[in-house]
Structures are given as structure tokens and as C-alpha cells.
Amino acid sequence: MPHINVMTREISFKVVYCGPGLCGKTTNLRYIHEHWNAGHKGKMIELPTETERTLFFDFAPLDFGEIGGLKTRFQLFTVPGQVFYRETRQLVLKGADGIVFVADSQYPRMDSNEEAYYELKEHLQGLGRTLEDFPLVVQYNKRDLPAVATVEELRELVNKSGVPDFEAVASTGQNVFETFKALVKLVLAELRKKK
Amino acid sequence: MAEQQLVMYEEEFVQIQAVVDRLLRDAMAKVVMLVDMNGQLIAQSGETDHLDVVGLAVLTAGNVAATGGIARILRENGFAIQFHEGEKANIYTFLVSNRLILEVVFDARTSPGLVRLRLKKAGEALAVILEALSRKQNQPGFDLHFEGITDEDIDNLFND
């Protein structure tokens with residue numbers, strides 16, 4: 001749920017990138033933060049382990065300037081992808097206004113994709129929500145690598161609900177902004193729905 | 001599990017800012033911040049000009065969330081107060097009604113005992129304001145103006 005300050009006319013949304021370990025969540029965030037020029041941006045914070053895996057979360061604050069007369073800010077988070085970080089993942093996901101599920105397109109990662117997808121489904125069910133009615137976008141990352149599954153196969157696995165999805169190469173920025181933009185639209189549509 | 005949304009209104013915002021400013025003075029602190037559980041900064045006071053307050057707010061909320069996880073493992077209800085002692089800077093955090101985090105950054109100009117005392121008092125004052133704010137949440141009076149926003153408007157934001 002967005003944080004709203006009536007006096008300063010500010011609204012702030014929380015967006016979380018989740019998905020299996022090393023699927024490219026942090027790479028998405030880094031690319032968006034580095035190339036953000038729609039408004040002011042705060043410092044990006046990364047909390048990695050020695051092996052560059054995210055320990056708790058990464059964070060990037062982005063200002064959009066004014067939307068609908070309100071100063072609008074999106075705070076982007078990633079969660080740690082490894083299975084044993086479930087507890088911290090749940091902490092970061094709490095209060096999310098929108099979620100990007102990043103899948104790793106490589107064949108050997110299909111089990112991890114599926115496991116992460118079901119965990120997300122369970123998390124949303126815990127909130128009384130479903131994959132269909134929550135602002136969610138799916139990204140099939142690492143499309144440039146060999147031995148990747150087809151989009152149809154990936155859809156069958158991690159997008160049964162048919163939410164907007166994108167083929168991406170986060171390391172080069174391909175479809176990174178498109179993914180984020182699609183989520184921003186869903187998040188703002190959700191707010192309009194609540195009115 | 002769904003949390004209640006916190007919408008900040010002018011009347012309560014002014015009251016909250018007054019409590020935060022007073023705590024800064026009374027505790028002789030460097031910085032006082034009020035943050036929600038998602039890391040959104042609600043109010044701040046003190047020497048924040050060269051401080052990444054947004055980052056500090058998010059990490060503080062993450063820290064409180066992680067400590068809450070530790071509490072669950074130990075079958076505690078939670079840890080209302082946390083203290084971090086550094087070489088120059090120290091931090092006290094206090095959970096207000098399990099919804100907001102009141103944080104005081106201080107140095108050798110004051111003492112942990114004094115900060116803790118003032119922090120608890122300020123926390124109690126904030127809990128009262130928060131209660132009033134919760135009662136107000138369902139009242140109309142704030143037009144978000146998001147109805148007129150089209151997908152094209154959002155596309156244009158990204159094209160700038």
C-alpha cells in the first residue's frame with residue numbers, strides 16, 4: 001500500500017523484484033538506477049555477500065516528478081533469491097505495491113524458477129491476493145544465453161495467470177525499462193481501482 | 001495479514017514533526033527520524049543535509065524487520081528498543097505501536113541514558129497521535145487525481 005503524505009502531496013510506492021537466485025534482479029535494479037533520467041534519484045544501496053549474492057535486499061529510490069498533482073516516488077527493492085533466505089524474502093515483500101518476477105531462461109534453472117514462483121503465489125495468498133489480481137509483471141531474463149527455454153515453456157511454468165511478460169537481457173538493458181514501465185502502469189491502475 | 005494504510009494528514013503531520021523536533025532538542029541528538037515499517041521516511045529533524053536519509057530509513061526498517069525475525073525465533077513478541085554503539089555515532093531505535101520506527105542518531109554530546117529516556121517519552125506521544133490518525137484513515141478529503149492518468153502519460157514519463 002502506498003505511503004501518502006497529504007500535507008506535502010507525496011505518494012510513495014514499493015516495488016519488489018523477486019525470482020530465483022542469480023536470475024538478474026540486482027542487474028535490473030542497477031540498470032534502471034544508472035539510466036534513470038525521468039527525475040531525481042537517491043543512492044542505490046546493495047547488501048551483497050562475498051559471492052555477490054544479495055544478502056537481504058538491494059534498494060533504489062526513484063522520483064517521477066509529479067503525477068496527477070502528487071510528487072510520486074517509487075522505491076525499488078530486490079529480495080535474496082536463494083531458497084534458504086525465505087525469511088528475509090518475506091520481510092522485504094511485505095507491503096509491496098507491485099512485484100516483478102524475474103525468471104532465469106536457462107534450462108537448468110527451471111526448477112528454481114518454479115520453486116520461486118510457487119513461493120510468490122503462497123506469499124500473495126497469505127495476503128489474501130492472487131497472482132491474477134496483484135500488480136505483477138513477469139520477465140524472462142538472460143535471453144541472450146545458449147540453452148534457454150522457449151517463451152511458451154516459461155509461460156507455462158511461471159506465468160500461468162497470463163500477466164504482462166517480457167523477454168529481457170538485463171545485463172544490456174534490453175526490455176528492462178519496458179518491464180518496469182508495465183509494472184508502474186499496473187500499480188497506478190490498482191490505486192485507481194481502490195478509489 | 002493485510003496492513004492498514006497510513007495516510008498522513010496535515011494536522012497530525014504538524015504534531016508529529018513537533019514531537020520529533022522536541023526529541024532532537026531534549027535528547028541533544030544529531031538526527032531524529034520517524035520511519036514506517038517499509039522504510040518510508042515520515043519525519044526528520046537535525047543535521048540531515050549531508051546524510052542519505054532515504055537510505056538510512058530503508059536500512060533501519062530492514063534492520064527492525066530482521067530483528068523481529070530474530071524475536072520470532074526466540075519466541076519473543078519483538079524487541080521494542082535497539083541500540084547500536086559506534087566509535088562516534090550511536091543509534092537508538094524505538095518501535096511505536098508496532099507501526100512506526102523512531103530513530104535517534106547521537107554522539108558524545110549526550111548520553112545513551114538520556115536519549116533512551118526522552119525516546120520513550122516521545123514514542124508514547126507519537127502513539128497517541130498515531131491512534132488519532134488511524135481513526136481518520138477512512139474519512140474522505142483527499143483526492144488523488146490518478147483517474148485522469150493514461151498509460152500514454154506514463155510512457156511519456158519514461159521518454160523524458
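Contact here means heavy atoms within 4.5 Å. By this criterion, 41 residues of chain B are in contact with 45 residues of chain A. The structure is a predicted model, in which local features need pLDDT of at least 70, side-chain atom pairs count only at pLDDT 80 or more, and totals for chains, interfaces and linings use all residues. Residues are numbered from 1 along each chain as its sequence is written, chains are lettered from A and ligands numbered from 1 in the order in which they are written, and side-chain values use heavy atoms, with hydrogens and water left out.

The model scores ipTM 0.81 and pTM 0.90. For chain B, the average pLDDT (the predictor's confidence in each residue, from 0 to 100) is 89, and 89% of the residues score at least 70.

**Interface**

Chain B and chain A bury about 4,100 Å² between them, 67% of it on carbon and sulfur atoms; buried area is the accessible area (1.4 Å probe) that two parts lose on being put together, summed over both. Between the two chains there are 3 salt bridges, each defined as a side-chain nitrogen of Lys or Arg within 4 Å of a carboxyl oxygen of Asp or Glu. One salt bridge joins the side chains of A:E87 and B:R72 (2.9 Å, N to O).

**Sheet and helices of chain B**

Helices (H or I, at least four residues) and strands (E, at least two) are DSSP runs, numbered from the N terminus; two strands pair if DSSP finds at least two bridges between them. In chain B, 5 strands form an open, antiparallel sheet in the order β3-β2-β6-β5-β4. Its edge strands, β3 (41-46) and β4 (81-85) of chain B, each pair on one side only. From one strand to the next, the twist averages 15°. Strands β2 (residues 31-36) and β6 (residues 100-106) of chain B pair in the antiparallel sense over 6 bridges, with B:V31 opposite B:V105 in β6(B).

Two helices lie against these strands, as tabulated. Axes are lines fitted to C-alpha atoms, for helices over the stretch in contact, and angles run from 0 to 180 degrees between N-to-C directions.

| Helix of chain B | Strands of chain B | Angle |
|---|---|---|
| α1 (residues 10-26) | β2, β3 and β6 | about 35° to β3(B) |
| α3 (residues 112-136) | β2, β4, β5 (90-96) and β6 | about 30° with β5(B) |

**Helix pair in chain A**

The axes of α3 (residues 110-126) and α4 (residues 151-158) of chain A come within 9 Å and cross at roughly 35°. Here A:M110, A:N113, A:E114 and A:Y117 in α3(A) meet A:L154, A:L157 and A:V158 in α4(A).
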